[in-house]
Amino acid sequence: MFAKDESQLDAVAEANSLAPAQRDIVTLGIAIAAIILFVGTGGIVMPQIVRSWMGTGAPPDMLLTNAVLLNIALLIFGWRRYKDLQCEVEERRKAEARARELAERDPLTGSLNRRSGPPAIDRLRAEALECDQHVAILLIDLDNFKQINDLHGHQAGDTVLQTLTQRIEEKLPIGGILIRIGGDEFACAVPFSANERDKVSALAETLVETVSDEIPYNELTLSATVSIGIAHSNCSDGVVMTADKLIHRADIAMYHAKKRGRNRFFWFEPPMEDELRFRNELEVGIREGLKNGEFVPFYEQQVDLETGDIVGFEMLARWRSPKLGLVSPEVFIPIAEEIDLIGELSETLIKKALRDANGWHPDISLSVNISPIQLRDPWFAQKLLQILVEIGFPPSRLEIEITESCLHENIGAVRTIFSSLKNQGIRISLDDFGTGYSSLSQLRSLPFDRLKIDRSFVTEIAQEDVSSELVRAIVSLGKGLSLPVTAEGIENGRVQDALKGLGGIKGQGYLFGRPEDAGTTRNRLAKLGLLARDNEVAQLPSTSSTVSTDQVDKRLAS
């Protein structure tokens, strides 16, 4: 595709430069003809003029004299026109060279662009093949470029890109090529011998370390990290390694590096392509699943450890995929966040959960996890309140759970959203407490209503030779701040007994039952007499694997 575009540009440039050249030849031909005519007529007229001037002959022929004057005029005109056209051709050539440079170079960084890069890689690959060498492609992607743009503006982003380009060029070996693929993605092409793969890895490691150095901008100091994917032209699977194919494989390896934690590099391996293909299938499945109502809420019991009574449920997302079966949120939630569908997905599930919870006893609360990405939306609180009004669910029965990572995104925006939710009576709990970096000042300044101890701390209580002082400290901290505590991950009686002695704790975990769908949860509450009075209905059979929430609602309505 890119080679075709370049050949078309060359043809246009050749045609544009050919027309003036042809006019040059015509003009020059006219001037030469005028010279020949001048020589011919001047040879007759000039002697007549000389003899007439000396008084020894008749006056010159006026017709021939006029012809000579016309020839002189043509000579002057032709020569000036020829020089003008020569200047025009030179200016045109300069303009075409400038146009080609603009077409092939990225105006911000000066590196090759997406159009000119692949042909340059193909040329480098051909040269390397003649020298019995290979070509490695390093695809470089900034990990937090969007955040830099959002927080500091696009000028700061431009400074980061220019600095990144300079640092990469300084580290590139002789013969290397730098290409800006687009946005915050760059590609390096470097030749290497078959036994020098370690040198390419060393280059990638150096780039990872170098780019992460601080970048001064005005009075600020910006920091950026990169993820790098590497592919090479020495392919053993029979695929013809064109520039586009190499970039594609390096892109797959780069995505693999991001998935493994970012700020690192990986070489391409064929299984990565299968993994990416599966991920793309998941993306398509998630989009289709949202349209078809395949995402449903499941509910995990929250129990008062002192009395054993059910006091609430935490909503957990599940995907009933026609192809994959029941899919865990650990699989599809990160993808939904990356493709910017987490807001729509969460709102869909919250609506279903609120409708289900409307049929429970009014003393039973509903907890809902919120993605950090949703808290970036300044209209999140308004959207949630609109859903509550639409469903007719009391805000006092809803509890929003957020993780500690949300507190480091934009504390001002988070505080504003918290205030809006609290003003309507919605409670807010800090989930997975102890695994992040929340400070005591944040706990005091933000209006939290509950702390949830992460399961990794809770499960250790039952192990021999493991102190429970950390859990005790968290419970004491909660009491000191007037924040009740929920313990996650209670899976056996020993853990439950250890937590009971701490007093006033709400717990959840597999000891009390695994997460269940709406129908099974309703049946459980019906047996305990914990349905809302206006929803006294016959028990529904457990349908955790076959019946959706909508089907349950239809059977209840009947």
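1. Buried is used here for residues under 20% relative accessible area, with exposed meaning over 50% and partly exposed lying in between, as computed with a 1.4 Å probe on protein chains only. The structure is a predicted model, in which local features need pLDDT of at least 70 and side-chain atom pairs count only at pLDDT 80 or more, while totals for chains, interfaces and linings use all residues. Residues are numbered from 1 along each chain as its sequence is written, and side-chain values use heavy atoms, with hydrogens and water left out.

2. The protein chain contains 18 helices and 16 strands, where helices (H or I, at least four residues) and strands (E, at least two) are DSSP runs numbered from the N terminus. Of its 558 residues, 44% are buried. With contact taken as heavy atoms within 4.5 Å, residues 24 or more positions apart account for 68% of the contacts in the protein chain that have a separation of 6 or more.

3. In helix α12 (residues 411-423), the buried residues are Val414, Ile417, Phe418 and Leu421. They cover an arc of only 105° around the axis, which puts them on the same side of α12; the arc is that of the directions from the helix axis to the C-beta atoms. The elements that cover these buried residues include α11 (380-391), β12 (398-403) and β13 (427-433). As to length, the 13 residues of α12 should span 18 Å at 1.5 Å a residue, and the end C-alpha atoms are 18 Å apart, which agrees; the expected span is 1.5 Å times one less than the number of residues. Gly425, with a positive phi near 95°, follows α12.

4. The largest nonpolar core has 75 residues, and those with the most contacts inside it are Leu366, Leu398, Ile402, Phe448 and Leu499. A nonpolar core is a set of buried Ala, Val, Leu, Ile, Met, Phe, Trp, Tyr and Cys residues joined through side-chain atoms within 4.5 Å. When neighbours within four places in sequence are left aside, the contacts of Phe448 include Ile402, Leu407, Phe418, Ile428 and Leu483. A second, separate core of 31 residues includes Ile168, Cys188, Val211 and Trp267.

5. Five strands form an open sheet in the order β2-β3-β1-β6-β7, with mixed pairing; two strands pair if DSSP finds at least two bridges between them. At the edges stand β2 (177-182) and β7 (265-267), each with a single partner strand, so one side of each is left without a neighbour in the sheet. On average, neighbouring strands of this sheet are turned by 20° against each other, direction ignored. Strands β1 (residues 134-142) and β3 (residues 185-192) run antiparallel and are joined by eight bridges, with Leu139 standing opposite Ala187 in β3.

6. Helix α6 (residues 197-211) lies across β1, β3, β6 (226-232) and β7, and runs at about 165° to β6. Such angles run from 0 to 180 degrees between N-to-C directions, the axes being lines fitted to C-alpha atoms, for helices over the stretch in contact.

7. Nine of the 10 residues of strand β8 (residues 295-304) are buried, so β8 is largely enclosed by the rest of the structure. Over nine bridges, β8 pairs in the antiparallel sense with strand β9 (residues 310-321), and Phe295 stands opposite Trp319 in β9. These two strands form a hairpin with five residues between them, and Gly308 in the turn has a positive phi of about 80°. Two bridges also join β8 to strand β16 (residues 505-507), the two running antiparallel, and Asp304 stands opposite Lys506 in β16.

8. Lys352, in helix α10 (residues 342-357), may deserve a reader's attention: Lys352 is buried, with a relative accessible area of 11%. Apart from neighbours within four places in sequence, Lys352 is in contact with Gly293, Phe295, Val296, Pro297 and Tyr299.

9. Leu112 is placed in the loop between α2 (62-104) and α3 (117-130), and counts as buried at 12% relative accessibility. Leaving aside neighbours within four places in sequence, Leu112 has contacts that include Glu104, Ala120, Ile177, Leu178 and Ile179. The C-alpha atoms of Leu112 and Phe186, which are 74 residues apart along the chain, are separated by 9.7 Å.
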